[in-house]
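Hi there,

Here is the structure I promised to pass on. Have a look at it first, and my notes follow below.

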Amino acid sequence: MGNNGPADDVEEKEHFQRIVNAFRYYRSFSLQRLASSDTYVSTLPQHHQKLLTSYRSHLEDIRTCVEHNYEIIKLITADVATLFENVKHDAGQVKSKVHPTMSDMEKVQSTLKQIVRDWSKDGEQERAACYDPIIEEIEHKFPPGERALEQVQILVPGAGLGRLAFEIAKRGYSCQGNEFSLFMLFASNFVLNKCQGVETFRVYPWTQQFVNTLSAADVTRGSSFPDLDPSSLPRHAQFSMAAGDFLEVYTEANTWDCIATCFFIDCANNIVSFIETIYKILKNGGIWINLGPLLYHYSDIPGENSIEPTYEMVREIVQGLGFIIEKEQTGVKTTYSQNVRSMLKYEYESVFFVCRKP
């Protein structure tokens, strides 16, 4: 997480502190929400309260799940102050003025769901839909036996909790994941470096879903993780995670044999800069594999600039920068941290394409 000067340094420290505070605030934030529901019930007519007895005990069960989640959160944030070798943050010194935003609190929730998506049996189906096509394409383009796999340099920007990059490295390729979000970096550090054994921890990802639920058990059900031992990578495996802004970290031309992007290219204010950088840092003959929708994360954020080209326009940009599209498929059905038991489900019809830099 690079910086340019004292002002940037202060801003970066405050950002870091805000994210740490968001994790720490999770418990009281969640319990306040439950308490307000409970308080409201107590103002209702007695015969209503009687009919809501099971609802009240459900709130108690959710409370227990929140406490369990907070134990995991404490482990996630335990040593984040020393996470980045180049920056020291005093995570112990909680500055009251660095308040987490509502958006930060939602990101803490989604981080718990991301653990389930990337590192639990419950996330298997999503990973199969999103990661398998990418991995199969890598194995097709860089087959074992053609050259030493560890010589094939693969980059996964927007790596999240690192599962896709981990799976690529597990197959013998040299793989680096890159991630900008501190929420993801804190959690991936915990899973990849602190979790040993299989299904040693449990998280309750749906405790904040108060709507569209069929049964109490659907809200309070837990997921065990990790579904495989992250320390089980072969000893010679080439796997690393790099923190920082993709555009700032990767500036060296002709470096990578393959870049794999999954639910990533729409995370830019300016998607052209992402595609241009991907083209620049690929070696000649290098491959870019992409799967995902065009959600355009900055599209509706106040104070943020954003452009939102259609997929047809993105295709023009890709070819305009010099890429040759070798494979393309639209309508690929994918989900993201989906609650399979919810009464409301979102499904993306994603695009999958493979491009070559001449």
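This is a predicted model: local features need pLDDT of at least 70, side-chain atom pairs count only at pLDDT 80 or more; totals for chains, interfaces and linings use all residues.

The buried residues in question are H58, L59, I62, R63, C65, V66, N69, Y70, I72, I73 and I76. Helix α3 covers residues 53–76, and its end C-alpha atoms lie 35 Å apart, which agrees with the 34 Å that its 24 residues should span at 1.5 Å a residue.

Two of those partners, α1 and α4, also meet each other. The axes of α1 (residues 6–42) and α4 (residues 102–119) come within 9 Å and cross at roughly 80°, so the two helices are roughly perpendicular. On the α1 side the contact involves R18, I19, A22, F23, Y25, Y26, F29 and S30, while α4 contributes M102, D104, M105, V108, Q109, T111 and L112. By type, the contact residues divide into ten nonpolar, three polar and two charged.

Then the cysteines: how many disulfides does a search of the whole structure find? The count is zero. For C258, the closest cysteine sulfur is in C175, 8.6 Å away and therefore too far for a bond. C258 counts as buried because its relative accessibility is 0%. C262 is in no disulfide either, with the sulfur of C130 as its nearest cysteine sulfur at 4.8 Å. The relative accessible area of C262 is 8%, so C262 is buried too.

Conventions. Residues are numbered from 1 along each chain as its sequence is written. Side-chain values use heavy atoms; hydrogens and water are left out. Axes are lines fitted to C-alpha atoms, for helices over the stretch in contact, and angles run from 0 to 180 degrees between N-to-C directions. Helices (H or I, at least four residues) and strands (E, at least two) are DSSP runs, numbered from the N terminus. Angles under 35 degrees count as roughly parallel, over 145 as roughly antiparallel, 65 to 115 as roughly perpendicular and the rest as oblique. Contact means heavy atoms within 4.5 Å. Ala, Val, Leu, Ile, Met, Phe, Trp, Tyr, Cys and Pro count as nonpolar, Asp, Glu, Lys and Arg as charged, and the others, Gly among them, as polar. The expected span of a helix is 1.5 Å times one less than its number of residues. Buried means under 20% relative accessible area, exposed over 50%, partly exposed in between (1.4 Å probe, protein chains only). A disulfide is a pair of cysteine sulfur atoms within 2.5 Å.
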